[in-house]
Amino acid sequence: MRVLGVNGWPGASHDGAACLVVDGEVIALAEEERFTRNKHAYGEAPLNAAAHCLAEGGFTLDDIDVVAHGWDLPKLFGDRGLDWFADDAAALEHLLPKALFPRSRDPRLTFVNHHIAHAASAYHLSGRDRGAILVLDGQGEDVSTTLAVGIDGEMKTLRSHTPGWSLGYFYAAVCEYAGLGADAAGKMMGLASYGTPQDLTFGGALDFTDEDFTVGVVPPDLRSTGSTDEETATIRHWLRHLEKALPDAPNRSVRRFDPRVGRYTKVTDRDPFEYRDIAATAQAALERAVMALVRGLLRESGETTLLVAGGVGFNATLNGKLMRMPEVQDLFVQPLAGDQGVSLGAAVWCAAQEGDRVRPMEGSVAWGPQWDADAIRRVLEASGTAYTEPADIAAATADVLAAGGVAGWFQGRAEGGPRALGHRSMVALPNPEGTRDRVNVRIKDREAWRPFAPSMQEEAAEALIGTTTPLPYMIVTTPVTEAGAAVMPAVVHSDRTTRPQTVSAEVDPLYHRLIGEVGGHTGTPVVLNTSFNGRDEPVVCSPRDALATFHRLPMDALAIGPFLVRRPDGAVGEARA
């Protein structure tokens, strides 16, 4: 069976994406933001992403059996009194117009419940026959938290929380209060490690039991009118309460024209770093609430395996705490935990419903676009960029890093999700500690306290992070050993943890070899890894994106396919001056 999974809707969505699943195997996945260069692709249909997936499979829409959308949009619109289409043909035309996707017939259009799609992305791709499933996000159609269980290919929902009690919206409200912006959960997770938790109830707004939590400042039955979600209303309730409950006033922001960058930018009254204790309190409250949910879910389901999806699943610090809970013997967090992942979940759910055996994930989410050496060479030559073709790109790049340089690493198929995993990465040595400041402030133009992650050969993991458990997706934090802290200080958080990626020679041989070549210089096969993008930009996708970003940011080199590009004067480290 051929299923094109999608997320995104014209004018009313975020994180648009498409995924092609054929006979239960993921063939391609891409996010719309990578093509349009609009971060999160707000309000964009996944036109480019769907076209890529079809091209990767050698198909047109005529060859597709089902288009599976990761939201039950007819229900969502109908429940809120909003207009919907007269039939599926009209809805499909609105989503994937024939002018862009010529076809002689329409495939079946299926709208999958949002949390079912999230749950399917975790359960069907985990490789586990059974497990407890926890979905946490802003909200789906009418829930924000879903507790479920999967056994022998079937999923059953046990209970849920409504949108007003969304842990995702709670966290977003605190992000907004701190001046980071409501969509900056990743920033606040990093900031939290520098603070000290205070009152986890936030002045009585939250209450915790051993197996659940309650919210006292948002009506559980809150329903917005004229809107497809309760995000604005829920955050408004929280902000009103936080102003009364917290000693610090909200960190308000305005947009001002910045001549330095030539456009309007957000400016806050205070440095968000001053809100680190509030961030730490929100993080600790989130952890307490979710760990209570997990205890209840595992007791009720009788399972010891935990499968996690939904946007809150990107919180690596929380996931590290879950992994170390005594009740959790096995943890799988879907690395495409956000709404880009429901394109994947909707597709595999439909495939499983039709009897296909879904092939589990095997340590990689590199299902996106790729360019061969000839195509990359043409781009380099058309741009007038000087380059060399070393005999061994891994060894040549390792030489740049060993000399103190920072390099872009553009290889193979693009990853899905927000975290670069060695295909669209910036890499550097994780020592000295000052490398963190250089990459954060000078190269990526972002807050100095933002953390980085290490990519390490899986053979070195026990010595650096004290575990041999494969952690290929950079989705959980782990404590660092004394030896690890000594050799990779630039990627160790202030709480002595890190968010590792263990790299397998079988799954990613070229990246594994790069890290090994670095180890030949330093004695330890580990690199600092961050996404290849500038401030407030999506991760690069194409060779043109990579070149434009390299030329704009003060990096030292770019390893793009088999080619190496250096700064015009060839001086490694010149960009540091």
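The model is predicted: local features need pLDDT of at least 70, side-chain atom pairs count only at pLDDT 80 or more, and totals for chains, interfaces and linings use all residues. Residues are numbered from 1 along each chain as its sequence is written, and side-chain values use heavy atoms, without hydrogens or water.

I begin with the sheet. Seven strands form an open sheet with mixed pairing, in the order β20-β17-β21-β16-β15-β22-β23. Strands are DSSP runs of E with at least two residues, helices runs of H or I with at least four, both numbered from the N terminus; two strands pair if DSSP finds at least two bridges between them. β20 (501-503) and β23 (563-566) are the edge strands, each with a single partner, so one side of each has no neighbour in the sheet. From one strand to the next, the twist averages 30°. Angles run from 0 to 180 degrees between N-to-C directions, with axes fitted to C-alpha atoms, for helices over the stretch in contact.

Within this sheet, β15 (residues 407-410) and β22 (residues 557-560) run parallel and are joined by four bridges. Alanine 407 has alanine 557 as its bridge partner in β22.

Helix α12 (residues 373-383) lies across β22 and β23, at about 25° to β23. Helix α13 (residues 393-402) touches β15, β16, β21, β22 and β23, and its direction also makes about 25° with that of β23.

Finally, the largest cavity is lined by residues including Pro335, Val365, Arg419 and Tyr473. A cavity here is a set of points on a 1 Å grid over the protein atoms alone where a 1.4 Å probe fits but cannot get out, and lining residues have an atom within 4 Å of a point.

Conventions:
1 Å grid on protein atoms, 1.4 Å probe; cavity = no way out; pocket = protein on both sides within 12 Å on 5 of 7 lines; lining within 4 Å. Contact = heavy atoms within 4.5 Å.
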